[in-house]
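Hello, and welcome to this structure. Here are a few notes to read alongside the model; please keep the view open as you go.

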Amino acid sequence: MDAAIEDGVDILSLSLGGPPFEFFEDSIALGAFAAIRNGIFVSCSAGNEGPGYSTLSNEAPWILTVGASSIDRKISASAKLGNGKEFHGESAFQPKDFAPMLLPLVYAGENGNESCAFCAPGSLESVDVQGKVVLCEIGGDIARIDKGQEVKKAGGAAMILMNSEIRGYTTLADPHVLPAAHVSYQAGLEIKEYINSTSAPTATVLFRGTIIGDPVAPVVASFSSRGPNNVSPGILKPDIIGPGLNILAAWPVSLDHAFPPMNMISGTSMSCPHLSGIAALLKNSHPDWSPAAIKSAIMTTAHKANLEGEPILDQWLEPADVFATGSGHVNPLQANDPGLIYDIEPNDYIPYLCGLGYTDKQVGTILQQKVRCSEVKIIEEAQLNYPSFSIEMGNTSQSYTRTVTNVGPANSTYVVEVEAPLAVEMSISPATLTFQEVKEKLTYLVEFIPEDESLRGNNTFVQGSIKWVSLSGEYSVSIPISVIFN
């Protein structure tokens, strides 16, 4: 990272991560701070440890932390059963010569052997799968393509790969070695039920190629790591989600010896570079914007709804919460003209870091300069001028300020719209912001008032938002809120 800074780069994109460390021990956070000090934007993967909470990597507030979502393109491979039911799935392998005729269907784990259920290497040697469609389960630390390799080696004609419960409806388009369909957990349960309901179950796989226009996209991918933030709970993470499921990506070798070396990859390692590219476009369009300004533009203009106009869903097709989506799904066009931004200068992090309880030496390690926290007016985490709020709520009110910079028209007025979290009263002062000039800064105060004492102490979390809407109707500047009752 230091070498990249010396090279004069504008953007650092890191599809890297690991367990959370304190920022002064986190090499990526340290390198990223040096980068933003030099005006370099840094985006990092949120991690692929979801869908559990507190599974994030790269939690520092000077990093754009990126989760993964689906796009509206599916590479269709459906499992069709002998009873006429069809379950939509995916596969990047789309054979032209596979006849869609019904074949005998067998569940590899029907004998209770877990190794067989996972279609582990060598597990099907004693199972009769010759010429059959084989139902295999995700898991067992066995790669999905390796499961198909085992089915093929044992003489199977095709594979249906069912999700584990935790993966829900997130299906992957892999370059399988035989006709295959990766289907949801719910579909897998129904296929098992069908197998047990008849003495001669049959199935086939239908391939329909690329289908554009999935109405529920974007959906948060099951693997995308979730908040809350482990190291700094007062900073809401992830910041944003972007395309990270079934993404066509460059690859070292050709997988089928026919096409250029490409692969279909899923992960926050795919969504992070999408956001890095968008940041590069914004940097080119606004060369005077700081890394924090670019981040704010991306976050405050994000989509909150899917293509149907409904709330973004998670891997169980339930409304995704703020610890899965952050600000929402990236909206590149709107980010180029956000109206208002929440800016942060590198030295603004000093009172924040001192407020985390770090020693002078630890803060100095991050900043690469001498710091005396005793001489600094420290702030609480939620007071950092971040384009979101993450509040740990007790039984008393909390107040914080935010400062916005006008990057829209010179004469413009914004009015606030508040979606208060459940059991929290909110007060915004002033409720109207009127700007006379471009780059003018105005500050507003936010008060969070607990309303329901019954929620205290059980780590319940609720969510909401603050939105500044211009009277012209041209701009809508939104920041998410999470409140945890401790």
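Which order do the strands of the open sheet of four strands have?

1. The order is 14-16-20-18, and the pairing is antiparallel. A word on terms: strands (E, at least two residues) and helices (H or I, at least four) are DSSP runs, numbered from the N terminus, and two strands pair if DSSP finds at least two bridges between them. At the edges stand strand 14 (340–341) and strand 18 (424–429); each has a single partner strand, so one side of each is left without a neighbour in the sheet.

2. Before going further, please note that this is a predicted model, in which local features need pLDDT of at least 70 and side-chain atom pairs count only at pLDDT 80 or more, while totals for chains, interfaces and linings use all residues. Residues are numbered from 1 along each chain as its sequence is written, and side-chain values use heavy atoms, with hydrogens and water left out.

3. Staying with the four-stranded sheet, strand 18 runs antiparallel to strand 20 (residues 441–450), and six bridges join the two. You can find Ser427 opposite Glu447 of strand 20.

4. Now look for another open sheet, made of seven strands in the order 5-4-10-6-7-8-9, with mixed pairing. Its edges are strand 5 (86–87) and strand 9 (180–183); each has a single partner strand, so one side of each is left without a neighbour in the sheet.

5. Helix 4 (residues 144–153) packs on this sheet, touching strand 7, strand 8 (158–162) and strand 9. Contact here means heavy atoms within 4.5 Å. The direction of helix 4 makes about 145° with that of strand 8; such angles run from 0 to 180 degrees between N-to-C directions, with axes fitted to C-alpha atoms, for helices over the stretch in contact.

6. The parallel part of the pairing includes strand 6 (residues 103–107) and strand 7 (residues 133–137), joined by three bridges. Val106 has Val134 as its bridge partner in strand 7. Helix 5 (residues 185–197) also packs on the sheet, and strand 4 (73–81), strand 6 and strand 10 (202–212) are among the strands that helix 5 touches. Its direction makes about 110° with that of strand 6.

7. Which residues of helix 5 are buried? They are Ala187, Gly188, Ile191, Tyr194 and Ile195, where buried means under 20% relative accessible area and exposed over 50%, with partly exposed in between (1.4 Å probe, protein chains only). Seen down the helix axis, the buried residues fall within an arc of 120°, so they line one face of helix 5; the arc is that of the directions from the axis to the C-beta atoms. The face turned away from the buried side carries the exposed residues Glu193, Asn196 and Ser197.

8. Strand 4 deserves a look too: seven of its nine residues are buried. Nine bridges join strand 4 to strand 10, and the two run antiparallel. Ser76 has Gly209 as its bridge partner in strand 10, and Lys80 stands opposite Thr204 in strand 10.
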